[in-house]
Amino acid sequence: MSTRQLANFNALVLAGGRGSRLGGEGKAEIELHGQRLVDRVVAAARTTGALRVVVVGPDSAGAKADSVLREDPPFAGPLAGIAAGLAELAASAGSEWTMVLACDLQRPVAVATALINDFGQRAADGLLLVDAQGHTQWLAGIYRTSALASVCAELGGNLVNAPVRRALNQLQLARVPVDDETSSDIDTPQALESARQNGRKAMAQHLPPEALNDWLEAAAKELGLDSGEVDIATVLDAAKHVAHEVARPAAPLSTFLLGLALGSSKGDLPGLSEQLVSRAHRWADEHPEGTT
């Protein structure tokens, strides 16, 4: 399922934890691949189509978000953070669906993409991920906003440090199984070091989705461009079709042309990409002997 089929959702990124298992350093400030954990998660939510992204945590954690606020009282737990974030979203641009993500996800793009791609399997109140050991990832889900709000309202004054599992388990949620590589988080020094080592090894061979996001941020900054205008999935999909229907060397050439067309105001990225893919299909029909 594409992001177009979930065209209206907001995102909450929970970044209010103490990071006690990481030596007391706030998770939001920790860097992985040259980017703060919280910024990577915010970018992942935007990449998959979130209309607004709200970070619940310290003021410094909201540098890339639309807004940032603190749960009351601070360090009151995920449910208090969700309640505070929902109130902020309701006051600005409410939506039927809310993506909830922890700030310490090792592969936030993979998590957000899995949720979007499997959105069609949702139950009445949404869906969330389950790791290979069967552990439910409560802070990696898409929830019906009204259902989340009802749970928080029922708890009332008991929101502070309320068990997430007990509160959200009453909702009708589909469980989407993913491997440990997708669902892993960074909650210990060992996990952080492992993530950094794995990232270096992987990037020596190829760029995984989250590294592509990191590269997009770095390259766009270098060229003075707005990375928020680039939908990685759309660009890669166009390149894939061109490589298959025309020729592999045509893929980078075509994405360059796509960028020129976008910069020349010939249309928006989804429309131009669809146009290019359509032309690639026609090319394959016209040159059946020349495609590779």
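Which elements do the buried residues of α4 pack against? In this predicted model, the buried residues of α4 pack against α2 (78-90), β6 (97-102), β8 (136-144) and α5 (164-168).

## Overview

The model is predicted. The protein chain holds 11 helices and nine strands. Of its 292 residues, 48% count as buried. Take the contacts between residues at least 6 apart in sequence: 68% of them join residues at least 24 apart.

## The sheet

Seven strands form an open sheet. Their order is β5-β4-β1-β6-β8-β7-β9, and the pairing is mixed. β5 and β9 (174-177) are the edge strands, each pairing on one side only. Neighbouring strands are turned against each other by 25 degrees on average, with direction ignored. Helix α4 packs on this sheet and touches β6 and β8. The direction of α4 makes about 115 degrees with that of β8.

## Strand β4 and its partners

β4 covers residues 53-56. β4 is joined on one side to strand β1 (residues 9-14) by four bridges, and the two strands run parallel. V13 has V55 as its bridge partner in β4. β4 also pairs with β5, again in the parallel sense, over three bridges. Here V54 has S67 as its bridge partner in β5.

Which way do the valines of β4 point? V53 and V55 point one way, V54 and V56 the other, and all are buried.

A65 sits in the loop between β4 (53-56) and β5 (67-69). Is A65 buried or exposed? A65 counts as buried, because its relative accessibility is 16% and the cut-off for buried is under 20%.

Leaving out residues up to four places away in sequence, A65 touches V42, R46, V53 and V55. V38 is 27 residues from A65 along the chain, and their C-alpha atoms are separated by 9.4 Å.

## Helix α4

Helix α4 spans residues 145-155. Its buried residues are T145, A147, L148, V151 and C152. C152 counts as buried because its relative accessibility is 6%. Just after α4 comes G156, which takes a positive phi of about 55 degrees.

## Helix α3

How many of the 10 residues of helix α3 are buried? Eight are, so α3 (residues 108-117) is largely enclosed by the rest of the structure. The buried residues are P108, V109, A110, V111, A112, A114, L115 and I116.

## Helices α9 and α11

Helix α9 (residues 232-245) meets helix α11 (residues 269-286). Their axes come within 9 Å and cross at roughly 10 degrees. The two helices are therefore roughly parallel to each other. On the α9 side, the contact is made by T234, V235, A238, H241, V242 and E245. On the α11 side, it is made by L269, P270, S273, L276, V277, A280, H281, W283 and A284. By class, this contact has 10 nonpolar, four polar and one charged residues.

## Q137 in strand β8

Q137 has its place in strand β8. Is Q137 buried or exposed? Q137 counts as buried, because its relative accessibility is 18%. Setting aside neighbours within four places in sequence, Q137 is in contact with L128, L129, D131 and S183.

## Cysteines

A disulfide is a covalent bond between the sulfur atoms of two cysteines. How many disulfides are there in this model? With sulfur atoms required to lie within 2.5 Å, the count comes to zero disulfides.

C103 counts as buried because its relative accessibility is 4%. C152 is also buried, at 6% relative accessibility, and belongs to the buried residues of α4.

Key. Residues are numbered from 1 along each chain as its sequence is written. This is a predicted model: local features need pLDDT of at least 70, side-chain atom pairs count only at pLDDT 80 or more; totals for chains, interfaces and linings use all residues. Side-chain values use heavy atoms; hydrogens and water are left out. Buried means under 20% relative accessible area, exposed over 50%, partly exposed in between (1.4 Å probe, protein chains only). Axes are lines fitted to C-alpha atoms, for helices over the stretch in contact, and angles run from 0 to 180 degrees between N-to-C directions. Angles under 35 degrees count as roughly parallel, over 145 as roughly antiparallel, 65 to 115 as roughly perpendicular and the rest as oblique. Contact means heavy atoms within 4.5 Å. Ala, Val, Leu, Ile, Met, Phe, Trp, Tyr, Cys and Pro count as nonpolar, Asp, Glu, Lys and Arg as charged, and the others, Gly among them, as polar. Two strands pair if DSSP finds at least two bridges between them.
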